[in-house]
Structure formats: structure tokens, C-alpha cells
Amino acid sequence: MTLFITSSPFVEGADRAILSNANGFVDRIRQALPPTPRALFICADPDSHQMTCQFGADVASAFAQEGIPFSAYQVLDGENADDAASLIAQTDFIVLSGGHVPTQNAFFQDIDLADLLQDFPGTIMGISAGSMNLAENVYIQPEEPGESSPDFARFAPGLGLTDVNILPHYQKVKDVWLDGRRLFEDITYADSYGQMFFVLPDGSYFYQDGQKLLLCGESWLIHDGEIEPLLHNGEVQNLDEWN
């Protein structure tokens with residue numbers, strides 16, 4: 001199994017979905033996929049069928065523009081959740097949509113997605129929430145009003161395919177306030193004791209296969225209440241060799 005753990009793989013600000021080759025993303029994923037992969041888009045919200053279908057069409061178009069046409073693609077959401085096992089068996093490339101992390105996490109648990117993916121031999125690309133839910137123990141960074149409450153569950157079981165916890169879209173959310181508090185300095189830093197959160201802007205990502213775990217591009221690490229810079233754009237670090 002090969003994982004691409006992305007903040008977003010698309011060009012920021014474009015009027016349509018265009019894959020970004022920042023930090024060699026397109027080159028690397030092209031090598032990981034068959035020439036005409038069969039794709040499966042797994043939703044963030046099982047009740048938003050139309051939105052997931054549009055997302056799938058946009059991603060398919062973006063990959064086709066880079067010379068990676070999908071031979072087939074399907075959507076997995078609340079309308080066909082009972083077919084999850086058979087849909088996964090028919091695909092080479094799974095894309096986990098972005099969206100609301102706890103909503104997606106609950107759907108993944110409802111369909112036992114962690115078990116269904118344990119022996120998946122293909123490539124999985126997470127986007128934003130989809131990347132966050134790849135972790136074994138998912139940190140659910142508060143996002144919506146009211147979620148900064150101590151009663152909001154900040155951690156949940158994830159897919160267990162990586163030990164990496166990412167916080168995506170840093171260029172957009174680093175100065176966000178939620179419920180009268182700073183999202184990072186007042187909320188996330190306090191949640192980071194005993195944890196490691198890798199902070200990524202769009203264009204940065206992790207690549208993971210059976211042999212290595214690469215961090216690609218601009219990044220920071222939050223742990224024990226502090227943030228420290230890791231890499232600049234264009235830099236790659238093998239985390240298996242990182243101290």
C-alpha cells in the first residue's frame with residue numbers, strides 16, 4: 001500500500017481542480033499509479049451524494065489533464081455503503097475526500113473501513129480531513145463554532161494506516177479564531193502535550209510506502225505546546241531517519 005497524505009494536491013486559487021506539482025507531487029503519484037487506474041472516491045459526508053460526485057468528477061478531470069486518465073471511477077457514500085467491500089476490491093486508487101473530520105470519521109467507523117483497507121494493495125490519497133483520518137489515533141482539531149468546548153472529543157480511532165497526524169491548510173487557518181480563542185495558540189498547542197502534529201500548507205504532503213515515510217515540502221511540528229519549523233519547499237526528509 002502506498003499513501004499520499006496531503007493538505008491539498010490542487011493549485012490554490014485556480015477556478016477548477018488542477019493538480020499541483022509542488023514538491024514533486026504529480027511526478028511521485030504518477031510513478032505510484034498504473035497508467036489508467038480505477039478510482040474510488042470515499043466521501044466526507046455520507047449524506048452529500050451530489051457534492052461527492054462533483055468532487056470525483058473534478059479530481060478525475062485534474063488527473064486526466066496530467067496524463068493519468070481513470071479507466072473507471074465510482075463514489076462510496078451513504079447511498080451504497082453496503083457495497084464498500086466490493087467497491088474497494090475493484091479499485092487501484094482510493095481518494096479520501098476533505099470535509100468535516102468527525103463526520104467522516106463516524107462514517108468510516110460505520111462501514112468498518114479500517115478493516116476493509118488493511119490488505120489493500122493499491123494507492124490511497126487523503127485530502128485534508130481524509131488525510132487526518134488515515135492516522136491510528138486521529139486528532140480532531142476543532143473547526144466549527146462550539147467545538148472548542150472541553151466536551152468536544154478531540155481524539156478518535158482512525159484508519160490506522162499511518163502514525164502521522166497532520167493539520168492541513170496552514171496558510172489559510174494559522175490566524176483563525178474559534179469561539180473567541182486562537183485556534184492554534186490557545187487550543188491546538190494545549191492539545192499537543194504528548195503528541196506530534198505535523199502542520200502542512202497546501203502543496204506539502206507525506207509519501208508513505210512499505211519502505212519509507214517521506215515528508216515533502218514546507219512544514220512545521222507542534223508538540224508539547226510549541227511549534228518548530230521543519231522543512232522548506234523543495235526539501236524532502238525521510239522520517240525514518242529523522243531524530
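**Ground rules.** I am working with a predicted model, in which local features need pLDDT of at least 70, side-chain atom pairs count only at pLDDT 80 or more, and totals for chains, interfaces and linings use all residues. I number residues from 1 along each chain as its sequence is written, and side-chain values use heavy atoms, with hydrogens and water left out.

**Entry 1, the eight-stranded sheet.** I began with an open sheet of eight strands, which reads β3-β2-β4-β5-β1-β12-β13-β16 with mixed pairing. My strands (E, at least two residues) and helices (H or I, at least four) are DSSP runs, numbered from the N terminus, and two strands pair if DSSP finds at least two bridges between them. At the edges I found β3 (72-76) and β16 (236-238), each pairing on one side only. From one strand to the next the twist averages 15°. I then picked out β2 (38-42) and β4 (93-96), which are parallel and share four bridges. Isoleucine 42 faces leucine 96 of β4 there. Helix α4 lies across β2, β3 and β4, at about 115° to β2; axes are lines fitted to C-alpha atoms, for helices over the stretch in contact, and angles run from 0 to 180 degrees between N-to-C directions.

**Entry 2, the four-stranded sheet.** Next came an open, mixed sheet in the order β8-β11-β14-β15. β8 (166-167) and β15 (226-231) each have a single partner strand, so one side of each has no neighbour in the sheet. Helix α8 (183-191) packs on this sheet and touches β8, β11, β14 and β15, its direction making about 70° with that of β14; contact means heavy atoms within 4.5 Å. I counted two bridges between β8 and β11 (197-199), which run parallel. Isoleucine 166 has phenylalanine 198 of β11 as its bridge partner.

Is glycine 217 buried or exposed? Its relative accessibility is 0%, so glycine 217 counts as buried; buried means under 20% relative accessible area, exposed over 50% and partly exposed in between, with a 1.4 Å probe and protein chains only. Beyond neighbours within four places in sequence, its contacts include Asn23, Ser204 and His232. Its C-alpha atom is 8.7 Å from that of glutamine 237, 20 residues apart along the chain.

Asparagine 23, not a glycine, has a phi of about 60°. I find asparagine 23 in the loop between β1 (2-6) and α1 (25-32), buried at 15% relative accessibility. Aspartate 112, also not a glycine, has a positive phi of about 55°. Aspartate 112 sits in the loop between α4 (101-110) and α5 (113-117) and is partly exposed at 46%.

On a 1 Å grid over the protein atoms alone, a cavity is a set of points where a 1.4 Å probe fits but cannot get out, a pocket is an open set with protein on both sides within 12 Å along at least five of seven lines, and lining residues have an atom within 4 Å of a point. Grid points are joined across faces, edges and corners, and a volume is the space filled by probe spheres set on the points. The largest cavity holds about 40 Å³, and its lining includes Thr6, Phe25 and Ser204. The largest pocket holds about 260 Å³. Of its 14 lining residues, Gln141, Pro142, Glu143, His169 and Val173 are closest to the centre.
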